[in-house]
Every structure is written in structure tokens, then in C-alpha cells.
Amino acid sequence: MNKGTRVKISPKLLWKKILPEGAENTYITTTRGTELLGIIFATRWMYKREITVWVTQLCVHREHRNEGIVKSLLASLKTGNDYAVGILSSHPFSISAVARAFGKGVEDIDLGVMKLEAKDVMATCPVTYVRDAKLRGALLEDQPSDGTISCADTQFWVDHGEPDEALSVMKDKGVTWPLGFLPEGHEYLLLVKLESRVES
Ligand SMILES: CC(C)(COP(=O)(O)OP(=O)(O)OC[C@H]1O[C@@H](n2cnc3c(N)ncnc32)[C@H](O)[C@@H]1OP(=O)(O)O)[C@@H](O)C(=O)NCCC(=O)NCCS
């Protein structure tokens, strides 16, 4: 696929991409009356005898964003038994939401954990696009020179207009973005080892 090609994902393909057979797939929604406000999809599997969860999709109604909806959906995903949670997303707010719901926020991400474990965790993930993602960035490669820190080439050619705007909103708020530059066709990569498990 060429750089700049836009992919149209049919519901059937999306379903196939984010709901692998033989894994424990979860989706959680929040509604007000009959209105769907937000939805998340996630997949759990065993990584080195530990239950690990990957957030594969999250979306909030445009008129209800920045109300904490996705963070509360992610909070409902917690079981207390998971070893780590991962996400690939081009959207800084999705990354921030996972970093906050499962850790202390985006500025307190433990990059060392990602450097050590992201590759192995992702290699065992039943979700094909996670398993096939090519890891990129200073954290995950030997000599990147393009400002990338933690991302992956997922061939996800979405317009980066909205994510770039989100990133400048965060920077204007004084947030130091830890995951570096995002090339076209890539998604930021975040892996959080859950605190209770880190301490144990
Ligand atoms: C990304 C998305 C799911 C976030 O959902 P949301 O319910 O608006 O997010 P929340 O209100 O729970 O906030 C999550 C984080 O983003 C930040 N955030 C969200 N909107 C923000 C805004 N307009 N300005 C500043 N920060 C914002 C929050 O402050 C929070 O981070 P923090 O706790 O570290 O401060 C939503 O914007 C969306 O659906 N986008 C389109 C679909 C998409 O791109 N999905 C990702 C595919 S994986």
C-alpha cells in the first residue's frame, strides 16, 4: 500500500481485525437513554502465563468528548488480574486515557517497561494487526533518526489532522509528550504494566 492511501474499513473487516477467534474479546458501551455515547473493544490473552489485555478500539460520540467517558469505560475494563495493558493509536487522547486509567498519566509512562516487554507481549497477541506491527522509535530500535520514540508501522493510513491538533492542545496545556513523532501510516504504542503487578 502506498503512502497516503486512505483505507476504508468495512464493519466486517473491522470486526475481523479486532475480534480474534480463540481469545477473550470484550466490549463495553456507555449510553444515555437510547443514545450511544462511547464504546471500547479489548482482547485478553495469556502472555507468559499472565493475563494481558489489548485495547483495540475506542470511540466517543463527537458531542460528548473530553467528558471523561473513555477513561470511565477503560476503568470498567479493569479486573485487578491483568499483568499489562497495551494500545496502538494515532490519537494522543486515546493514549492519555489509557495512561491515566491504568497508570498515573501520560507524563508518568514507564518507558523502560515498554523497551523491555512491548516486543514480546505484542508477538503473542491474538490480534493480527498488533502481532504484525513493526515497532519503531528510539525506545524500540537501534538508531532511529526521525524523532520517533515509541510507535509502530501498522499501515493505518488515517489523516493525522485531528491527532496533531490534539497533540498541540496537550502541549499548550504544558504536557510533555513522551512518545515522539508519529509518521504517516503509524500509530503510537503504549504498554502499561499494571501497578499492583509491578509491586508484586
Ligand atoms: C480519543 C477519544 C476516544 C477520547 O475520548 P474522550 O471520552 O473524549 O476522552 P476523555 O474525556 O476520557 O479524556 C482522555 C484524555 O484525553 C484528554 N482530552 C480529551 N479531550 C481533550 C481536549 N479536548 N482537550 C484536552 N485534553 C483532552 C483528557 O484530558 C484525558 O487525559 P488526562 O486524564 O491525562 O487529562 C475520542 O476523542 C474519540 O472518539 N476520537 C475519535 C475516534 C478515535 O480516534 N479513536 C481512537 C482510535 S484507537
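**View 1. The residue G174 after helix α6 in the predicted model.** G174 follows α6 and has a positive phi, near 95°. The helix itself covers residues 161–172. Its twelve residues reach 17 Å from the first C-alpha to the last, close to the 16 Å expected at 1.5 Å a residue.

**View 2. The buried face of α6.** P163, A166, L167 and M170 are the buried residues shown in this helix. Seen down the axis of α6, the buried residues fall within an arc of 100°, so they line one face of the helix. They pack against two elements, α3 (92–102) and β7 (186–193).

**View 3. The face of α6 turned away from its buried side.** This face carries E165 and D172. Both residues are exposed, whereas P163 and M170, among others in α6, are buried.

**View 4. E117 in helix α4.** The helix spans residues 111–123. E117 has a relative accessible area of 12% and is therefore buried, the cut-off being under 20%. Leaving aside neighbours within four places in sequence, E117 is in contact with Y47, Y83, L191 and K193.

**View 5. The side chains of E117 and K193, joined by a polar contact.** The contact between the two side chains is 3.1 Å. From C-alpha to C-alpha, E117 and K193 are 9.3 Å apart in space, while 76 residues separate their positions in sequence.

Methods
Residues are numbered from 1 along each chain as its sequence is written. This is a predicted model: local features need pLDDT of at least 70, side-chain atom pairs count only at pLDDT 80 or more; totals for chains, interfaces and linings use all residues. Side-chain values use heavy atoms; hydrogens and water are left out. Helices (H or I, at least four residues) and strands (E, at least two) are DSSP runs, numbered from the N terminus. The expected span of a helix is 1.5 Å times one less than its number of residues. Buried means under 20% relative accessible area, exposed over 50%, partly exposed in between (1.4 Å probe, protein chains only). The arc is that of the directions from the helix axis to the C-beta atoms. Contact means heavy atoms within 4.5 Å. A polar contact is a pair of N or O atoms within 3.5 Å; within protein, one must be able to donate a hydrogen and the other to accept it, and residues adjacent in sequence count only if both atoms are side-chain atoms.
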